[in-house]
Amino acid sequence: MIQQTTPTQQASAKPLSPQEALVSLLIASARADGSVSAHEANSIEHVVAGMKLFRGHSHEGLQKVFATAAERITEQGLSSVVQIAAEIVPKELGVTTFAIAVDLMLSDGGLSAKEEAFVDELRTLLNVERDAAARIIDVLLVKNAG
């Protein structure tokens with residue numbers, strides 16, 4: 001007998017779009033310390049709205065991308081979605097995605113041990129060279145110091 005799926009299950013079974021993949025990684029980054037603050041959520045929305053990858057998306061369309069990404073993380077687990085999303089984010093946006101993610105994590109002033117581990121995993125999954133990652137982190141530490 002064929003098992004019927006609910007609309008939610010059908011949505012999560014669809015492959016991630018590049019936009020959903022990027023948003024998934026940013027949400028996962030914000031959740032790396034255990035929760036997403038209102039400031040982090042607003043920052044993600046603001047940054048994403050200005051990216052070329054999201055041109056042509058209405059406010060409602062962006063909200064749908066956010067909801068789908070958050071739902072997928074809840075259903076499939078953070079680690080699973082991060083691995084899948086990192087493969088889907090356009091290669092030319094790997095360093096950009098890494099920088100935005102680290103900036104989000106540093107917005108509260110520093111990195112927790114969980115966030116440091118996530119940064120290292122994300123760097124590897126997005127194929128960001130260690131030297132480039134170190135430079136990005138150094139600049140973002142200065143940016144978020146004040």
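In helix α5 of this predicted model, the residues Val 81, Val 82, Ala 85 and Ala 86 are buried, where buried means under 20% relative accessible area, exposed over 50% and partly exposed in between, with a 1.4 Å probe and protein chains only. They cover an arc of only 130° around the axis, which puts them on the same side of α5; the arc is that of the directions from the helix axis to the C-beta atoms. What covers these buried residues includes α2 (18–31), α4 and α7 (113–125).

**Helices α4 and α5**
- Helix α4 (residues 59–76) and helix α5 (residues 78–88) pack at an angle of about 125°, with their axes 6 Å apart, and α4 and α5 are therefore oblique to each other.
- Angles under 35 degrees count as roughly parallel, over 145 as roughly antiparallel, 65 to 115 as roughly perpendicular and the rest as oblique.
- Arg 72, Ile 73 and Gln 76 of α4 meet Leu 78, Ser 80, Val 81 and Ile 84 of α5, contact meaning heavy atoms within 4.5 Å.

**Gln 19 in helix α2**
- Gln 19 has its place in helix α2, and because its relative accessibility is 15%, Gln 19 counts as buried.
- Leaving out residues up to four places away in sequence, Gln 19 touches Leu 53, Phe 54, His 57 and Val 65.

**How to read the values**
- Helices (H or I, at least four residues) are DSSP runs, numbered from the N terminus, while axes are lines fitted to C-alpha atoms, for helices over the stretch in contact, and angles run from 0 to 180 degrees between N-to-C directions.
- Residues are numbered from 1 along each chain as its sequence is written, and side-chain values use heavy atoms, with hydrogens and water left out.
- Local features need pLDDT of at least 70 and side-chain atom pairs count only at pLDDT 80 or more, whereas totals for chains, interfaces and linings use all residues.

Definitions and conventions
Helices (H or I, at least four residues) and strands (E, at least two) are DSSP runs, numbered from the N terminus.
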